[in-house]
Amino acid sequence: MLPFTLNFQDGIPVSDQILRAVRKAVLTGQLVAGDPFPSVRAMIQELKISPTTAHKVVSHLKAAGYLAHLRENDPETVKQAERFFFVN
């Protein structure tokens, strides 16, 4: 089960919609620092998205400082963010 909710909308890139849903989950406390984040495979299966889109989302979240590996082979975990990213 994903730690955020998502209702796909036409006309908005899927990756942007996922990033917005994650940002909302962080802002509302539904997703907090230390929580496990779903794997790329889990996002692909649960959201029915392409591997490219799932990797793009994870890459963007890492670059924005939201995700990090704590140890090798551990799942992604949410980091405490000092700033929030905004998707246009």
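Student: Why is Ser 15 called buried?

Tutor: Two points about the record come first. This is a predicted model, in which local features need pLDDT of at least 70, side-chain atom pairs count only at pLDDT 80 or more, and totals for chains, interfaces and linings use all residues. Residues are numbered from 1 along each chain as its sequence is written, and side-chain values use heavy atoms, with hydrogens and water left out. Buried means under 20% relative accessible area, with exposed meaning over 50% and partly exposed in between, for a 1.4 Å probe and protein chains only; Ser 15 has a relative accessible area of 6%, and therefore counts as buried.

Student: Where does Ser 15 lie, and which residues does Ser 15 touch?

Tutor: Ser 15 lies in helix 1, where a helix is a DSSP run of H or I with at least four residues, a strand is a run of E with at least two, and both are numbered from the N terminus. Not counting residues up to four places away in sequence, Ser 15 touches Thr 53, Lys 56 and Val 57, contact being defined as heavy atoms within 4.5 Å.

Student: What makes helix 1 oblique to helix 3?

Tutor: Helix 1 (residues 14–27) and helix 3 (residues 51–63) pack at an angle of about 45°, with their axes 9 Å apart. Angles under 35 degrees count as roughly parallel, over 145 as roughly antiparallel, 65 to 115 as roughly perpendicular and the rest as oblique, so helix 1 is oblique to helix 3. The contact is made by Val 14, Ser 15, Ile 18, Leu 19 and Val 22 of helix 1 together with Thr 53, Lys 56, Val 57, His 60 and Leu 61 of helix 3.

Student: Why is Pro 38 counted as buried, and which residues is it in contact with?

Tutor: Pro 38 has 10% relative accessibility, and on the cut-off already given it therefore counts as buried. Pro 38 lies in the loop between helix 1 and helix 2 (40–47), and, leaving aside its neighbours within four places in sequence, Pro 38 is in contact with Leu 2, Pro 3, Phe 4 and Met 43. The C-alpha atoms of Pro 38 and Met 1 are separated by 8.1 Å, although these residues are 37 residues apart along the chain.

Student: How many helices and strands does the protein have, and what share of its residues counts as buried?

Tutor: The protein has three helices and two strands, which run α-α-α-β-β from the N terminus on, and of its 88 residues 42% count as buried.

Notes: Axes fitted to C-alpha atoms, helices over the stretch in contact; angles between N-to-C directions.
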